[in-house]
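The stops below go one at a time.

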Amino acid sequence: MRFETKAVHAGRQVDPVTGAVTTPIHLSTTYERAEDGTYTDGFMYSRGDNPNRRSLEACLTELEDGHDCVTYASGMAAIASVIEALPPEKPQRIVMADDMYFGVRTLLAETDIGRRYDIVTVDMTDLEALREMVESADTGLIWMESPSNPQIKITDIEAVVDIAAAAGAYTVIDNTAATPMLQSPLALGVDFSLHSVTKYIGGHSDLLLGAVVAKDDTQMLNNLRNWQHAKGAVPSSFDCWLALRGVQSLSARMRVHCANAKAIAEFLAQHDRVEAVHYPGLPSHPSHDIAKRQMSDFGGLLSFQVKGGEKEALKVANTVEILTQATSLGGTHSYIEHRASVEKELTRAPENLLRVSVGIENVDDLKEDLDQALSRI
Ligand code: PLP
């Protein structure tokens, strides 16, 4: 099956009891034990496993062509679990992209995870700097995010996988912005592909969920599965059901997200109130060729820098009428956000930068809205 067909069919079956074509939502937390003490249908207690979670995990495994998938209550729960699943016999040193998602920086700064591991950061687009960093001490895990958020940097995934293989380190990529449709990191050799399912896979800004898809059956995957159950940061059956509904239209939505984002990036690039546009689909993006090689399209996320500073950027965010000034990305609505004021002292975003999650509205409406907002600065 090809991607679009898998997105609709994988992990689902016609309900054997009722013939329902849409998977029912199973809210039961517990399941009946047989006389001999076993659980004939394989479910015991819903924190351990339940039909909706199992369907979603099967679907995401197929979409990423992986070995298995483990889901969590949010993308951040998935991120924390991946870090903590690093087996103790591996070096407890993690090399991360310096422009990693702000929530990861917050996790490291504000919880003991940041103190328990030796976490170092590097510009992942600078492969020589990465190689030196990895060779300077034993490394257990290399953490990529591509495209990154909000600076939209592109990592050369295969090159990083080679560096990791030489060091014997696991690799993980936050594949949220690319989605399994546009980028297949496991086929490029990455060990774990992570998603905030909250974003494009769910697709409608109405659920919170995280997922990690593993390439192989490893000790780290075993830890992820055990800790999902033992620590209990699991998604609800309802959120799994919503995600399985949303993912069916992922391919159709992504085509519009990508086309709209490309048109808006081109529009902004020639606008006289715009200083710079960051979108991997523009030939002017420094890693356009790498993106072209490893992505089938360039996604719905972009950022741009207005002429001026924070005041001018906030003026644009405050005067758009169709785009919503809101955090998050990957929904059908377009969102705009001034990341520097959201991220405060942990930010790496320039003060004149606005991130746009381009939705699936009519692109001319979006362009006109941005144009009227830009004309006021
Ligand atoms: N990864 C990326 C790239 C994100 O943008 C986000 C949320 O914005 C997350 C992970 C965290 O996901 P969640 O909000 O589902 O916890």
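This is a predicted model: local features need pLDDT of at least 70, side-chain atom pairs count only at pLDDT 80 or more; totals for chains, interfaces and linings use all residues.

Start by selecting Lys 6. At 12% relative accessibility, Lys 6 counts as buried. Here buried means under 20% relative accessible area, exposed over 50%, and partly exposed in between (1.4 Å probe, protein chains only).

Residues are numbered from 1 along each chain as its sequence is written, and side-chain values use heavy atoms, with hydrogens and water left out.

**Salt bridges**

The term stands for a side-chain nitrogen of Lys or Arg within 4 Å of a carboxyl oxygen of Asp or Glu. Lys 6 lies in helix 1 (residues 3–9) and Asp 65 in the loop between helix 2 (51–63) and strand 1 (68–72), so the pair ties together parts that are 59 residues apart in sequence. Helices (H or I, at least four residues) and strands (E, at least two) are DSSP runs, numbered from the N terminus. Asp 65 is exposed, at 60% relative accessibility.

Next, select Glu 57 and Arg 225. They form a salt bridge, with the closest N and O atoms 3.0 Å apart. This pair links distant parts of the chain: Glu 57 sits in helix 2, Arg 225 in helix 9 (residues 219–231), 168 residues apart. Glu 57 is buried, at 5% relative accessibility. Arg 225 is partly exposed, at 25%.

Then take Arg 54 and Asp 49, whose side chains meet in a salt bridge at 2.8 Å, N to O. Arg 54 is partly exposed, with a relative accessible area of 37%. Asp 49 is buried, with 18%.

How many salt bridges does a search of the whole structure find? It finds 23.

**Two domains**

Colour by domain. The assignment, automatic or from a database, gives domain 1 (3–247) and domain 2 (251–374). Their centres, taken over C-alpha atoms, are separated by 26 Å. The contact takes 37 residues from domain 1 and 40 residues from domain 2. Contact means heavy atoms within 4.5 Å.

The area buried between the two domains is about 3,100 Å², and carbon and sulfur atoms give 58% of it. Buried area is the accessible area (1.4 Å probe) that two parts lose on being put together, summed over both. Select Ile 152, Leu 182 and Tyr 200. These supply 24% of the area that domain 1 buries against domain 2, more than any other three residues.

Three salt bridges are counted between the domains.

**Around strand 9**

Select Leu 301, in strand 9 (residues 301–306). Leu 301 is buried, with a relative accessible area of 4%. Not counting residues up to four places away in sequence, Leu 301 touches several residues, including Ile 152, Tyr 200, Leu 329 and Val 356. Gln 151 is 150 residues from Leu 301 along the chain, and their C-alpha atoms are separated by 9.9 Å.

Ala 349 is found in the loop between helix 14 and strand 12 (353–357). It is buried, at 9%.

**Helix 4 and its loop**

Move to Asp 98, in the loop between strand 2 (93–97) and helix 4 (102–110). Asp 98 counts as buried, at 15% relative accessibility. Leaving aside neighbours within four places in sequence, its contacts include Arg 105, Lys 153 and Arg 348.

Now select helix 4. Is it mostly covered or mostly open? Helix 4 is mostly covered, with seven of its nine residues buried. Among them are Phe 102, Val 104 and Leu 107. The buried residues of helix 4 pack against elements including helix 3 (75–84), strand 3 (118–122) and helix 14 (339–343).
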